[in-house]
Amino acid sequence: MKKYLIIVVAAVALMSAGQQDSPITKENGTDIVNTTTLAKNVEGYNGTVPVKIYIKKNKIEKIEVLKNQETPKYLAMVKKSLLNAWDGLTVKAAKAKKVDAVTGATFTSEALIENVNKGLDYYQNNKK
């Protein structure tokens with residue numbers, strides 16, 4: 001009986017871990033793309049700059065920067081100038097949009113832009 005219970009618990013744990021590891025999750029009808037694993041090699045000035053992209057009815061609702069090691073002052077500049085650049089656009093239009101880096105925070109800007117592009121690519125190729 002113990003052996004069977006251990007196998008069942010292990011199987012359930014593996015199945016739920018696989019679901020949580022997906023870069024796309026759903027919440028209240030919104031697809032959320034997390035670029036933490038998609039862009040793990042994309043670095044800003046002090047490391048990775050992962051984002052969550054909220055997409056509803058094929059339009060970007062918002063982009064949220066996740067935990068990172070960027071200098072807060074420069075990250076604030078990037079957030080203020082870039083984060084809403086894609087809001088309201090369709091995924092196709094957002095991918096085509098050319099967004100310029102913020103002067104003084106080029107590495108952080110470029111990492112954020114690349115994270116968004118990788119997230120949108122993944123979404124287009126894997127949405128359900």
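Predicted model: local features only at pLDDT ≥ 70, side-chain atom pairs only at ≥ 80, totals over all residues.
Reader: Two strands count as paired if DSSP finds at least two bridges between them. With that rule, over how many bridges do S3 and S4 pair?

Author: S3 and S4 pair over 6 bridges, in the antiparallel sense. Strands here are DSSP runs of E with at least two residues, helices are runs of H or I with at least four, and both are numbered from the N terminus. Residues are numbered from 1 along each chain as its sequence is written, and side-chain values use heavy atoms, leaving out hydrogens and water.

Reader: Fine. What's in the turn between S3 and S4?

Author: The two strands make a hairpin with 2 residues between them, and Lys-57 in that turn has a positive phi of about 50°. Within the pairing, Tyr-54 has Lys-62 in S4 as its bridge partner.

Reader: And where does the Lys-62 side chain sit relative to Tyr-54?

Author: Lys-62 lies over the face of Tyr-54, 4.7 Å from the ring centre. The test for a charge over a ring is NZ of Lys or CZ of Arg within 6 Å of the ring centre and within 35 degrees of the ring normal.

Reader: Zoom out for me. What's the strand order in the sheet?

Author: It's an open sheet of 4 strands in the order S1-S2-S3-S4, with antiparallel pairing. S1 and S4 are the edge strands, each pairing on one side only. From one strand to the next the twist averages 25°; axes are lines fitted to C-alpha atoms (for helices over the stretch in contact), and angles run from 0 to 180 degrees between N-to-C directions.

Reader: Is S2 mostly covered or open?

Author: Mostly covered: 4 of the 5 residues in S2 (residues 30-34) are buried. Buried means under 20% relative accessible area, exposed over 50% and partly exposed in between, with a 1.4 Å probe and protein chains only. On its way to S3 (residues 51-56), S2 makes 4 antiparallel bridges, and Val-33 has Ile-53 as its partner there.

Reader: Switching to the core. Which residues have the most contacts inside it?

Author: In the largest nonpolar core, of 28 residues, those are Ile-53, Trp-86 and Leu-112. S3, S4 (59-65), H2 (72-82), H3 (91-96) and H4 (106-126) each supply at least two of its residues, and H4 gives the most, with 6. Such a core is a set of buried Ala, Val, Leu, Ile, Met, Phe, Trp, Tyr and Cys residues joined through side-chain atoms within 4.5 Å.

Reader: What does Trp-86 touch?

Author: Leaving out residues up to four places away in sequence, Trp-86 touches Ile-60, Ile-63, Ala-94, Val-99, Leu-112, Ile-113 and Val-116. Contact here means heavy atoms within 4.5 Å.

Reader: And how does H4 sit on the sheet?

Author: H4 lies across S1, S2, S3 and S4, at about 45° to S3.

Reader: Is Tyr-45 buried or exposed?

Author: Exposed, at 58% relative accessibility. Phe-107 counts as exposed too, at 51%. Thr-108, also in H4, is buried at 3% relative accessible area.

Reader: Last one: where's Pro-50?

Author: Pro-50 is in the loop between S2 and S3, and it is buried, with a relative accessible area of 7%. Its contacts include Thr-35, Glu-64 and Asn-115.
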